[in-house]
Amino acid sequence: MNYDKGGMRLLSIKKRIQVFRVKMLYNTLNKPNDHLERFLVNFFISENKLKMGLDILKGITLKVINTIQNEFYRNACKAWVEMDIKYIPPSKTSINNLSIYENVLLKNVEGRVFTSLNKVKNLPRTFDDLPFPVLNRSLEVGFFIRSLNSALDRITYGIESYYVKNGEDRIDLKDASCKTLYWLHMDKVEITLPWKSKWENHFANLEINWHLVWKNVHNNMLQYKVQSRLWEFMNLNFISSFNLNRMYNTSNLCLQCKMPEENIFHIQIYCPVSIRIYDKFLPLLNTIFEIELTEKEIAFGLDITDWSNQRKEKLRNYIFSIIKYTIFKNRCSIQASNEQKIESIFNKSKKFIIKDLKLGFELAKKNKNITKFKEIFLIENILAQYQEDTGVLVFNF
Ligand SMILES: [Zn+2]
């Protein structure tokens, strides 16, 4: 899955192979009829229930495709169907030799393909063979032909092409790169997202814009290790006393505050120690961007719709993300009183931010883009000030 859907953009080898095979089939389709490669591919694909060759790609159901005997071409054609590639026929006559049955171009009034089940006796397989008009036809045959004709009228004809849908847009296969096809293919996969329903059930009264939430997680101001921890948070697949208790019946006490964890969200949102740490940062957070700290912000960060103009909100998210990261990292390692823990994690978070800014500053100095660094991290000199004469960064918090 892509970042904005909550994925880690890990590549799927299977999907990549499928895309290459689809591209291979498409290239073969565009070769002249007497081309040897086309002849061979057509030959191998022909070994199926309907004895169709490459025409199978014009919209025949998976049921028929699964009957292709050659494994390689069966998988290639299956990938074609899985990627939901649509065909636009140029005219009515152009589909005369296609199968009437299991043809997704032709659907009855209920929106179903004509299957061999509703195949009426003595009616041929293709339009070419269709005895139409038929005199003295039975009621049954008459009904079937009417239904077929109206299906024919519902097809959209146009310039012959194959395309994939991208939302409302159509991408012609001739213009689609493997990369584009790959991401479209990845996005189509319905993956169950248990974290999504957990968050949505817990915050049933909130509208969660997941696209923005994931943008906050992959905020480019944050180091990768912080991003990956936030990602874990959102995916709710970290170890917590609450989870362990449900799995192994172990103690449900939060290792940070020593109170029972009411749910998986405890450490981020409800732990009294975490809340006290957030409170200690409030003055700084409010200097950056003054707004009440809500549970929604604690969980997801501020909704930033326009990133170019909302640099202060982004900076507030940057600080808050680091606080959450530090809490998470130290949640079971500090053996001390709650007061000492609060003080310790507060200082660790501050140190992290300072170290991070110093690192970013040194990098900016080396790459000669201090101006950009100032624009992003040093807004109104809230966090730090760049002293041009000495060339050093002076921290203000
Ligand atoms: Zn706690």
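Reader: Before anything else, what makes a residue buried or exposed here?

Author: A residue is buried if 20 or more other C-beta atoms lie within 10 Å of its own, and exposed if 12 or fewer do. Keep in mind that this is a predicted model.

Reader: What about the phi of N249?

Author: Its phi is positive, about 60 degrees, although N249 is not a glycine. Most residues other than glycine have a negative phi.

Reader: Which other residue in that loop has a positive phi?

Author: K258, which is also found between α10 and α11. Its phi is near 65 degrees, and K258 is not a glycine either.

Reader: And is K258 buried or exposed?

Author: It has 12 C-beta neighbours inside 10 Å, so K258 counts as exposed.

Reader: Switching topic. How are the strands arranged?

Author: Three of them form an open sheet in the order β1-β2-β3, with antiparallel pairing. β1 (86-88) and β3 (169-172) are at the edges with a single partner strand each, so one side of each has no neighbour in the sheet. From one strand to the next, the twist averages 45 degrees.

Reader: What holds strands of a sheet together, in general?

Author: They pair through backbone hydrogen bonds, either parallel or antiparallel.

Reader: How many bridges does each pair have here?

Author: β1 pairs with β2 (residues 161-166) over three bridges, and four bridges join β2 to β3. I88 stands opposite S161 in β2, while K165 faces R170 in β3.

Reader: How is the protein divided into domains?

Author: The domain assignment gives domain 1 (3-188) and domain 2 (194-395). Their C-alpha centres lie 50 Å apart.

Reader: Now helices. How long is α14?

Author: Helix α14 (residues 311-330) has 20 residues. At 1.5 Å a residue it should span 28 Å, and its end C-alpha atoms are 29 Å apart, which agrees.

Reader: Is α14 enclosed or open to the outside?

Author: Largely enclosed by the rest of the structure, because 16 of its 20 residues are buried.

Reader: Which residues touch the most others in the largest nonpolar core?

Author: That core has 27 residues, and I277, I319, I322, I323 and I327 touch the most other members. At least two residues come from each of α8 (210-217), α9 (224-235), α12 (272-288), α14 and α15 (338-366). α14 gives the largest share, nine residues.

Reader: What does I323 touch?

Author: I277, Y278, F281 and S349, leaving out residues up to four places away in sequence.

Reader: What other core is there?

Author: Another core, of 22 residues, lies apart from the largest one and includes V41, I45, I56 and L173.

Key: Residues are numbered from 1 along each chain as its sequence is written. This is a predicted model: local features need pLDDT of at least 70, side-chain atom pairs count only at pLDDT 80 or more; totals for chains, interfaces and linings use all residues. Two strands pair if DSSP finds at least two bridges between them. Axes are lines fitted to C-alpha atoms, for helices over the stretch in contact, and angles run from 0 to 180 degrees between N-to-C directions. Domain bounds come from an automatic or database domain assignment. The expected span of a helix is 1.5 Å times one less than its number of residues. A nonpolar core is a set of buried Ala, Val, Leu, Ile, Met, Phe, Trp, Tyr and Cys residues joined through C-beta atoms within 7 Å. Two residues are in contact if their C-beta atoms, placed from the backbone, lie within 7 Å.
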